[in-house]
Amino acid sequence: MAEDLVLSVQHVTSGYQEGGLFGKKTYREVLHDVSFDIHHREILGLVGESGTGKSTLARTILGMLQPDSGQVIHYTKRPQMIFQDPYSSLNPAYPVSWILEEPLRIYGKYDAPERKRRVREMLERVELPAECLEAKPAELSGGQRQRVSIAAALIRRPRFLIADEPVSALDVTIQAQILELLKNLRDELELSYLFISHDLNVVYQLCDRVLVMKDGRVVETGTVDEIFDHPKADYTKQLLVAAE
């Protein structure tokens, strides 16, 4: 039912131009007839090897690339992004308080006291102490930076997030903490995620369903238990063997 959906990707084919400056540009098709839905409060894992089209799909969903055919239907506001490397996605020149308040300032709906209240509230939600507000990204640990990145993605209260390898740069202990935070935020704020990862063990811990992509095509989709216990596609079986 449409009222239960946050996103519907329908028969999307997409790609981009390669080459340039002095050479002739050539078109490379990356996604081939990709279809799937994401439901309210669902975490959908997107897995596949590097170069299989995961990032192109994310960019197409975000509207950075227009599909050549098919359509992307958003049932909520456009999603926000949590990046793999929070250091490159956070402005190094400003403290956390500015980084979190700036999207609200641009939005223009709230006065200064309300913006600051929302920033403090969001910092608490991602389990960071108040003193982090005055710190710049370089003064934080990798796990703290990723929590700030999550807070920045959530500050305008979207209902749907795309998380692109958000824990791959973190050590195992911090990974587990961030995954637990993402689960808790999903429940507290009724969020949905598209969780992109090459790490099937992480996907197993977090996701409800899994979408397996190879060479820009969806080769298999199912619940986590279906994909991990009874994979149908040979490619999925290969990924699972490699993850053992």
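**A loop residue**

Modeller: H40 lies in the loop between β2 and β3 (43-47). Helices (H or I, at least four residues) and strands (E, at least two) are DSSP runs, numbered from the N terminus. This is a predicted model, in which local features need pLDDT of at least 70 and side-chain atom pairs count only at pLDDT 80 or more, whereas totals for chains, interfaces and linings use all residues. Residues are numbered from 1 along each chain as its sequence is written, and side-chain values use heavy atoms, with hydrogens and water left out.

Biologist: How is the relative accessibility of H40 to be read?

Modeller: Buried means under 20% relative accessible area, exposed over 50%, and partly exposed in between (1.4 Å probe, protein chains only). H40 counts as partly exposed because its relative accessibility is 33%.

Biologist: With which residues is H40 in contact, leaving aside its neighbours within four places in sequence?

Modeller: Contact means heavy atoms within 4.5 Å. With those neighbours left aside, H40 is in contact with D4, V6, R159, E190 and S192. For T236, the C-alpha to C-alpha separation from H40 is 26 Å in space, and the two are 196 residues apart in sequence.

Biologist: Let us turn to the sheet. In which order do its three strands lie?

Modeller: Strands of a sheet pair through backbone hydrogen bonds, either parallel or antiparallel. Here the three strands form an open sheet in the order β2-β1-β4, with antiparallel pairing. Two strands pair if DSSP finds at least two bridges between them. The edge strands, β2 (26-39) and β4 (69-74), each pair on one side only. On average, neighbouring strands of this sheet are turned by 25° against each other, direction ignored. Axes are lines fitted to C-alpha atoms, for helices over the stretch in contact, and angles run from 0 to 180 degrees between N-to-C directions.

Biologist: Over how many bridges do β1 and β2 pair?

Modeller: Their antiparallel pairing runs over ten bridges. V12, for example, stands opposite V34 in β2. Helix α1 packs on the sheet and touches β1, β2 and β4, its direction making about 70° with that of β2.

Biologist: How many residues of α1 are buried?

Modeller: An α-helix has 3.6 residues a turn, so residues three or four places apart point the same way. Helix α1 (residues 54-61) is mostly covered, with six of its eight residues buried. Those residues are K54, T56, L57, A58, T60 and I61. After α1 comes G63, which has a positive phi near 85°.

Biologist: Which residues other than glycine have a positive phi?

Modeller: H11 is one of them, with phi near 50°, and this residue is found in strand β1. E165 is another, with a positive phi of about 50°. The place of E165 is in the loop between β6 (160-164) and α6 (172-189). E165 counts as buried because its relative accessibility is 11%.

Biologist: Strand β1 also holds S8. Is S8 buried or exposed?

Modeller: S8, in strand β1 (residues 5-18), is buried because its relative accessible area is 3%. Leaving aside its neighbours within four places in sequence, S8 is in contact with F36, D37, Q71, V72, I73 and Y75. The side chains of S8 and D37 are joined by a polar contact of 2.7 Å. A polar contact is a pair of N or O atoms within 3.5 Å; within protein, one must be able to donate a hydrogen and the other to accept it, and residues adjacent in sequence count only if both atoms are side-chain atoms.
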